[in-house]
Amino acid sequence: MNWLYQDELAGPGVAGERIAIAGRILDADGQGIPDAVLELWQANAQGKYAHPEDQQEKSAHPGFQGFGRVPTTEDGSFRFTTIKPGAVLGPDGKLQAPHIVVSVFMRGLLRRLVTRIYFPDEPANAADFALNLVEPGRRGTLVAKRTTEHVGNLEWNVVIQGPDETVFFDC
Amino acid sequence: MANFAGYRRPYPGSQPNHLHPPYVSSMKRSPSKPLIYLPHTLSEITGPVFDASKIDVEACDLTRQHKGEPLGERITVSGRVLDENGRAVPHTLIEIWQANAAGRYLHKVDQHNAPLDPNFTGCGRALTDGEGRYRFTTIRPGEYPWRNHYNAWRPAHIHFSVFGPAFATRLVTQMYFPGDPLLAYDPIFNCTADEKARNRLISIFDWETTEPDEWLGYKFDIVLSGRLSTPWEK
């Protein structure tokens, strides 16, 4: 699968707010999972997916696919850079809060896990339809955190099992 | 505006549960809380589109990726990618990976006491054609031991990864060979509760695609989630 590894989702010419998302994937014992792969799918800064079924009247960005595939390292860490996606259409004609959809793969996982990454300090999160499917106490697992060093540096972890378990969706 | 026409969810028992205790690694790598049902939105009914420019022609022939020919029994694996409604899934990316004829992966964590083959990497990729057809040429992978339980051996298998038309249709699975006596003992093959669904993981020996003096042909069709109804229009 490594021919498709892509941890820089946005090339130099792609418009949008540059972000880097880093974190770890942890098992039930809190141990990093060294053999996991994340796949990422996101819209461009306008909130438009590079896919024929996205009929929103927004401009596509040539050269921005919006797909990433990122393996974890020995201690279960991963990192990728991209641009912050814009808001895309959700149910009932309402916009969803900006988000990246994520598939998680690893040895021992018989079906992929599906989750989402949302962004901190984002007013649209409060009304987002998918976040509102989740009990309030667990929503935070879907929202990346700002790290102190740089405004575009975000932390987001995947906890497979346990009290701080990440929310996974039946997709 | 109407909502999005999503993809059908799998029938009960036709896909594995995340927790399957006989597969020991699933114990600490499966969620303990129920999944939250997510109606499909634009984010799930779209997905990455791959074009032929990224796929070398030799990527679908795993026997021609090196100077020499790999050891082992040459085979082809071909079939179609379809949805549950029987419609072809055209121009979609399939990736495969597998052990060599001796049952050894070219991967640093595979320390199985079997030889590597300098002429075999074990990775392939292809796009389906306009009718959803694909074909790989490879060698039959060997069985290999693993540490799941006492005297555990994986049946011969090829890993398949398929994208389909949308994020919602992403599938990673394994293909097995007919008549393999190890299937009955394998916790990964047996993780799918429904016997008919499980048996769809076994390829079929195919005389039609078997080539005299060249290779044995195996057929393996892959069925992805079907569309619930016609896509919405503005």
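**Briefing: core, interface and fold**

The largest nonpolar core in this predicted model has 87 residues. Those with the most contacts inside the core are A:L38, A:V102, A:V104, A:I117 and B:I94. In soluble globular proteins, nonpolar side chains tend to be buried together.

- Leaving aside residues up to four places away in sequence, B:I94 touches B:V81, B:R125, B:A126, B:T128, B:Y134, B:F160 and B:V162.

**Where the chains meet**

- Contact between the chains involves 39 residues of chain B and 42 residues of chain A.
- On the chain B side, the elements that give two or more residues are β1 (36-37), α1 (42-45) and β3 (93-98).
- The largest share of that side, four residues, comes from α1(B).
- By type, the chain B residues that touch chain A divide into 19 nonpolar, 13 polar and seven charged.
- Strand β10 (residues 169-170) of chain A runs parallel to β1(B), and two bridges join them.
- A:D170 has B:Y37, in β1(B), as its bridge partner.

**Chain A by itself**

- Chain A contains one helix and ten strands, and their order along the sequence is β-β-β-β-β-β-α-β-β-β-β.
- The radius of gyration of chain A is 16 Å, which agrees with a compact globule because one of 171 residues would have a value near 16 Å.
- Along the principal axes, the C-alpha atoms of chain A fill a box of roughly 45 × 40 × 35 Å.
- Of the 171 residues in chain A, 44% count as buried.
- Among contacts in chain A with a separation of 6 or more, 69% are between residues 24 or more positions apart.

Notes
Residues are numbered from 1 along each chain as its sequence is written. Chains are lettered from A and ligands numbered from 1 in the order in which they are written. This is a predicted model: local features need pLDDT of at least 70, side-chain atom pairs count only at pLDDT 80 or more; totals for chains, interfaces and linings use all residues. A nonpolar core is a set of buried Ala, Val, Leu, Ile, Met, Phe, Trp, Tyr and Cys residues joined through C-beta atoms within 7 Å. A residue is buried if 20 or more other C-beta atoms lie within 10 Å of its own, exposed if 12 or fewer, and partly exposed in between; C-beta atoms are placed from the backbone. Two residues are in contact if their C-beta atoms, placed from the backbone, lie within 7 Å. Ala, Val, Leu, Ile, Met, Phe, Trp, Tyr, Cys and Pro count as nonpolar, Asp, Glu, Lys and Arg as charged, and the others, Gly among them, as polar. Two strands pair if DSSP finds at least two bridges between them. The radius of gyration is taken over C-alpha atoms; the globule rule is 2.2 Å times the number of residues to the power 0.38.
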